[in-house]
Amino acid sequence: RRTISYWIAVAFFEGAIFFTISSFLFNYPDELGNFFKPLTLYGYCAGKVLFLICCYLMCLEVINLHTCDTCDEGAQEEGGQRHALDRCLEDNLAPFYLW
């Protein structure tokens, strides 16, 4: 299943690969000759862009984070939001904004 979390993980992995390969190749400027700049500088830029995309996707994921279903059901059944949130805190199911 390709969720937003999947794409965050894939983009972080690809960005890390770009940084690793570019850093390794940076040690061999004489052997690379004319390919030194494209293989190092542009590899760093590609990694940076992928990390920027990951950070943006993580912000979208946090913005769209929903509260737990147990808290919402408990508030409707028992008629009080306070009691339902206390129960969620005890069960470690509290919504993100309470942490």
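At what angle do H1 and helix H3 pack, and how far apart are their axes? The legends below take up this question and then turn to single residues, and throughout them the model is a predicted one.

**View 1. The packing of helices H1 and H3.** Helix H3, which covers residues 36–63, packs with H1 at an angle of about 160°, and the axes of the two helices are 8 Å apart. Because angles over 145 degrees count as roughly antiparallel, H1 is described as roughly antiparallel to H3. The crossing of these two helices, H1 and H3, is left-handed.

**View 2. The chain as a whole.** The secondary structure of the chain consists of five helices and zero strands, so that, read from the N terminus on, its elements follow the order α-α-α-α-α. The chain has 99 residues, and 21% of them count as buried.

**View 3. A nonpolar patch on the surface.** Three residues, Phe13, Ile17 and Ile21, form a nonpolar patch on the surface, and together they have about 300 Å² of accessible area. Ile17, one of these residues, belongs to helix H1, which spans residues 4–25. The relative accessibility of Ile17 is 38%, and because the partly exposed class lies between under 20% for buried and over 50% for exposed, Ile17 counts as partly exposed.

**View 4. Phe18 of helix H1 and Lys48 of helix H3.** Phe18 lies in helix H1, whereas the place of Lys48 is in helix H3. Phe18 has a relative accessible area of 36% and is therefore partly exposed, while Lys48, with a relative accessible area of 54%, is exposed. Although Lys48 and Phe18 are 30 residues apart in sequence, their C-alpha atoms are 8.9 Å apart in space.

**View 5. Phe18 and Thr40.** Phe18, a residue of helix H1, can also be viewed together with Thr40, which is 22 residues away from Phe18 in sequence. In space, the separation of Phe18 and Thr40 is 9.0 Å, taken from C-alpha to C-alpha.

**View 6. Phe51 of helix H3 and Ala11.** Phe51 is found in helix H3, and its relative accessible area of 26% makes Phe51 partly exposed. Along the chain, Phe51 and Ala11 are 40 residues apart, yet in the predicted model a distance of 7.0 Å separates the C-alpha atoms of these two residues.

Note on methods
Residues numbered from 1 in each chain as written. Predicted model: local features only at pLDDT ≥ 70, side-chain atom pairs only at ≥ 80, totals over all residues. Heavy atoms only, no water. Patch = residues over 30% accessible without salt bridge, like charges linked within 9 Å, V, L, I, M, F, W, Y side chains within 5 Å. Areas by Shrake-Rupley, 256 points an atom, 1.4 Å probe, with all protein chains shown as cover. Salt bridge = Lys/Arg side-chain N within 4 Å of Asp/Glu carboxyl O. Helix = DSSP H or I, 4+ residues; strand = E, 2+ residues; numbered from the N terminus. Buried < 20%, exposed > 50% of the residue type's maximum accessible area, 1.4 Å probe, protein only. Axes fitted to C-alpha atoms, helices over the stretch in contact; angles between N-to-C directions. Parallel < 35°, antiparallel > 145°, perpendicular 65-115°, else oblique. Left-handed = near helix turned anticlockwise from the far one by under 90°.
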